[in-house]
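Please look over the sequence and the structure shown here before reading on. The briefing then moves from the overall fold to the core and the pocket.

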Amino acid sequence: MLITNVKLGGRLSNIYVNSEGIIECINCNRRDGQVINAEGGALTLPFVNSHVHLSQALTLGYNRKNETGKLIDGLALLRDDVLPRVTIDDVKRRLEKIQLIMFMNGTLYVRDHEPILNGNARRLITILHETSLIKVQVVACPSPSLSFSDNENEMERTLEAGADVVGAMPHGEDREGGLKSISKVFDIAQKFNKPVDGHIDEIDDPESDFSFYMVSEAKRRSWGKMTTLSHMVSSQYQGAMFRNLLLRMKETKVSVVINPETNLHLQGRYTEREVPRGLAPLQLLLSQGITYL
């Protein structure tokens, strides 16, 4: 296949793509099969959606309205109203539309956090991996916490069923339980040789500082490049303690996923004045050269 008149690096070029879908050469006069005139459109690398919940996408109307807008109430509605209605046929129907929307907007790689509660993720892993237009990496997400229901055992069953990443949610526990859950998550990750991507400190509580312990555990186990902190919006991320955390994060080489479209809406609902913006401190992360998405 030949793509003509495509803008590459600010210049119009012709790109030859072989039968395996690989760009074989640029401006090389190869020509066979289909010819597509890009009419000056730009060619870019595909986008990555590094944090999404596919089985809950397009489920507006599956649950009662979240009257408070608070995350904890939304999770309860997800657990009680949405997940019981999430069937394989239902996900297949919605996934056809979701992956088409992503593909048309240039998103080809997705990291999907799936709740493992009651075997939800295990039932969906096969169809999520078999999406034809996008490549999906499934995170076994222990919402609302690892100790809830049978989630600890279900985590291992989900990984055995083909999940790609070990999830975490320590702020869903009490202090002692959260620290234990971090250790257990890394135990499981090392057992299955899988990366870790945890929902960390997605809460307004200024005492929630599980990111410190997640980074320390990743360093202790030499798992930093295999570790991602998602959300990370607790209001304690400021001052000298946070600067200390930044240094640890940089040394350990963990990554951060920032979720502004979610947390700008959710955070600060318990605060009557000086409402926080609900964002991980992007500028500070950038200043330390920490990988973020």
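This is a predicted model: local features need pLDDT of at least 70, side-chain atom pairs count only at pLDDT 80 or more; totals for chains, interfaces and linings use all residues.

**Overall fold**

- The secondary structure of the protein consists of nine helices and 11 strands.
- The radius of gyration is 21 Å, which is close to the 19 Å that the globule rule gives for 293 residues, so the protein is as compact as a globular protein of that length.
- Taken along the principal axes, the box that the C-alpha atoms fill is roughly 65 × 45 × 45 Å.
- Among contacts between residues at least 6 apart in sequence, 75% join residues that are at least 24 apart.

**Burial and the nonpolar core**

- Of the 293 residues of the protein, 46% count as buried.
- In soluble globular proteins, nonpolar side chains tend to be buried together.
- Here the largest nonpolar core has 53 residues, and those that touch the most other members are Leu54, Met155, Val166, Val196, Met214, Met249 and Leu285.
- Met249, when its neighbours within four places in sequence are left aside, is in contact with Val215, Leu229, Met232, Val254, Val256, Leu285 and Ile290.

**The largest pocket**

- The largest pocket has a volume of about 1,100 Å³, and of the 32 residues that line this pocket, His53, Gln56, Leu71, Thr262 and Leu266 are the closest to its centre.
- Two or more lining residues come from each of strand 5 (47–52), helix 1 (71–82) and helix 8 (260–266), and helix 1 gives the largest share, six residues.
- Sorted by class, the lining of the largest pocket has 11 nonpolar, 16 polar and five charged residues.

Technical notes
Residues are numbered from 1 along each chain as its sequence is written. Side-chain values use heavy atoms; hydrogens and water are left out. A nonpolar core is a set of buried Ala, Val, Leu, Ile, Met, Phe, Trp, Tyr and Cys residues joined through side-chain atoms within 4.5 Å. Buried means under 20% relative accessible area, exposed over 50%, partly exposed in between (1.4 Å probe, protein chains only). Contact means heavy atoms within 4.5 Å. On a 1 Å grid over the protein atoms alone, a cavity is a set of points where a 1.4 Å probe fits but cannot get out, and a pocket is an open set with protein on both sides within 12 Å along at least five of seven lines; lining residues have an atom within 4 Å of a point. Grid points are joined across faces, edges and corners, and a volume is the space filled by probe spheres set on the points. Helices (H or I, at least four residues) and strands (E, at least two) are DSSP runs, numbered from the N terminus. Ala, Val, Leu, Ile, Met, Phe, Trp, Tyr, Cys and Pro count as nonpolar, Asp, Glu, Lys and Arg as charged, and the others, Gly among them, as polar. The radius of gyration is taken over C-alpha atoms; the globule rule is 2.2 Å times the number of residues to the power 0.38.
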